[in-house]
Amino acid sequence: MKKYMLILLFIFVPFLLSADPITVMESLLTEREADFGKAAYLVFTAAKLIPEDATTEAALEMLREKGWKRMRTEPGPPTMLGDFSYMIMKSFNLSGGIMFSIIPGPRYSAREMKFRGFTSGDTAVTRILSGEDVVRIIGRVLEFQEALQ
Amino acid sequence: MKANRLFLIPFLFLCAVMALPALDGGGTIDNLSALDIETQTGFRQIDRLTLWADTSIGESFYTRVQGSYTFSLNKPYLFDLERLLFRGSFLLGGNSRLLLGFTAGRFFVEDFSGQVLSHTLDGIRVNLDIPLFKSSLFFGSSALLFNDPSRIVMTRHDAADKSDSARILASPRLIGMVNLRFIDLFLQQDLSVSYLMQIDLRADSELTDQTAGGKLNSHYFGVGLGGALIPDLFWDSFGYFSIGSTLANIGGSYAYSTILSWTAGAGIRWYPEKKLYSRLLFRGIFTSGDADNATFLEGNTFGNSTLFVPIAAREMDTVFSPQSGNLIIAELHYALKPLAPLGGIGGQFQTELMGYLFLRPTQGGISESYNTASQSYYVGTEIDLALRFRPASDLGLSLTGGVFIPNNSSGGVFLSTQKSLTTSIKLSASFSF
């Protein structure tokens, strides 16, 4: 957990002055059921799809504009593994398996995330993620991206 | 059922599962094509379709159902219910440090070593976990399992049932197991303690002719120790002592004799991942034998029976695959990903070289036909090479070639007519959806 926190802090250090990503992250870490808007904000900021001073509402608006099929766009808790995994796969342009190529969506995104080692345990799309889960998963994805570079 | 209708089943199942977000489901299609060459050449083709569905009920409960259909050239229709379980788990106590759980139905059960019991059973398991200590209690039966997929063969009646295509249900046994595991007890070592028992439930009406076999009841007491030695280097060890009763033919008359047998093993695993994701394994397993056994199963002819008979040990994927009992197996495996430096899909290609040395601790029988006059302890050697490739997360391919070199020299464990050089080449594919 500490390792992922350090990675996320390292990524967000340039944005410390605005403090938004840190504030959102700190808020998420206290949530037993992660807010989907905050999760979307953190994902898009980490993937550099929105500026650091954007809001969670802007992140959700971006999600709607993307028009990804079968993608949830409503704010509020809970954040489910399927929706979150799908958002990660699309935001970071991660390739999936054969079934993800045929039917891209939450179900096969959740399985791909486990295969890549970003998540562990149950791959049910309705599995509810805590804020700590969200931060940990994003940390692992960023670590993977860093290793690729 | 026509082949085109069979292919509709996974498609329709997938549509149904995807329409119900509360339900998770999927399946696997596996294909195995194998060429086995000994004195003659044999071809095997096995195709399996597995479908599963599970759902959570609230935060504490979970259900799963899984079934399969297997096609083979020998048996075109084989259906099996592999899982049907209901599971609950509850966090108790302050700071949720105590986990109480149960699993009921049909599920996979294994002892900590995999050398006594590794099989699907029907029953109930209760587990109680706290940090650094895990415990479980299982009680169940094999009576309602299908005969074909069952690997429980402990008596001559069990062996005869496996050859009987009219037999539907597996060898009926009552099985219990208690497992205790102390995690990181000292110096990063885990200690496991286990007790298993099985009671033969075969009807007395099937046992009127003692020349065809009898009942076998057994108990197993085991201890295991293992953990990390240094970073990347792990070890494990186990030992089981077994007591029980088995039918014996002593002095020409049948009576039940006492089983006093044991098994033990140890292994080392080294993971120098910086060297092309290498993995090195060395392991040895010993199962006691009985020099005066006239037959492998229920063959005791003098004193106690010292042949170790597991309930259903973990399967070996080797060319030569005898049953546990009167065997010493030493194995060495080395695996690596030679194309990992290329990155990308190169990291999904793995090769593994495996060597096996088979010995017997007594001059008594092994599960295969053998030379009863042989005084040799060396059974044979096997070398296998596997090439594995996973081009996508849901598609796996492998090509495995192996050769078993039996000891069929003059005075060897095998006569040349019983076992000769055996080669097997297997191509398998697995697709998940």
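Analyst: **Salt bridges and their setting**

Of the 149 residues in chain A, 53% are buried (under 20% relative accessible area; exposed is over 50% and partly exposed is in between, with a 1.4 Å probe and protein chains only). The model is predicted, so local features need pLDDT of at least 70 and side-chain atom pairs count only at pLDDT 80 or more, while totals for chains, interfaces and linings use all residues. Residues are numbered from 1 along each chain as its sequence is written, chains are lettered from A and ligands numbered from 1 in the order in which they are written, and side-chain values use heavy atoms, with hydrogens and water left out.

Chain A has 8 helices and 2 strands (DSSP runs numbered from the N terminus: H or I of at least four residues for helices, E of at least two for strands). Along the sequence these elements follow the pattern α-α-α-α-β-α-α-α-β-α. Of the contacts in chain A between residues at least 6 apart in sequence, 58% join residues at least 24 apart; a contact means heavy atoms within 4.5 Å. The accessible surface of chain A is about 7000 Å², and 56% of that belongs to carbon and sulfur atoms (Shrake-Rupley method, 1.4 Å probe; for residues, only the protein chains shown count as cover).

Chain B contains 2 helices and 18 strands. Buried residues are 43% of its 433 residues. Along the principal axes, the C-alpha atoms of chain B fill a box of roughly 65 × 60 × 50 Å. Chain B exposes about 21100 Å², with 65% supplied by carbon and sulfur atoms.

Now to the charges. In chain B, the mean positions of 32 positive and 37 negative charges lie 4 Å apart. Here Lys and Arg count as positive, Asp and Glu as negative, and His and the chain ends are not counted; each charge is placed at NZ of Lys, CZ of Arg, CG of Asp or CD of Glu. Side chains of opposite charge can pair when their charged atoms come close. Over all chains, the search finds 29 salt bridges (a side-chain nitrogen of Lys or Arg within 4 Å of a carboxyl oxygen of Asp or Glu).

One of them joins A:R64 and A:E61, at 3.1 Å from N to O. These two are 3 residues apart in helix α4 (residues 56-66) of chain A, so about one helical turn separates them. A:R64 is partly exposed at 38% relative accessible area, and A:E61 is partly exposed at 37%.

Another links A:R136 to A:E132, at 3.0 Å from N to O. Both lie in helix α8 (residues 131-148) of chain A, 4 residues apart, or about one turn. A:R136 is partly exposed at 22% relative accessibility, as is A:E132 at 35%.

In chain B, the closest N and O atoms of the salt bridge between B:D204 and B:K215 are 3.4 Å apart. Both residues sit in the loop between β9 (189-200) and β10 (216-230), so this pair ties together parts 11 residues apart in sequence. B:D204 is exposed, with 57% relative accessibility.

Salt bridges can also join into a network, as they do for B:D158, B:D161, B:R167, B:R173, B:D200, B:R202 and B:E206.
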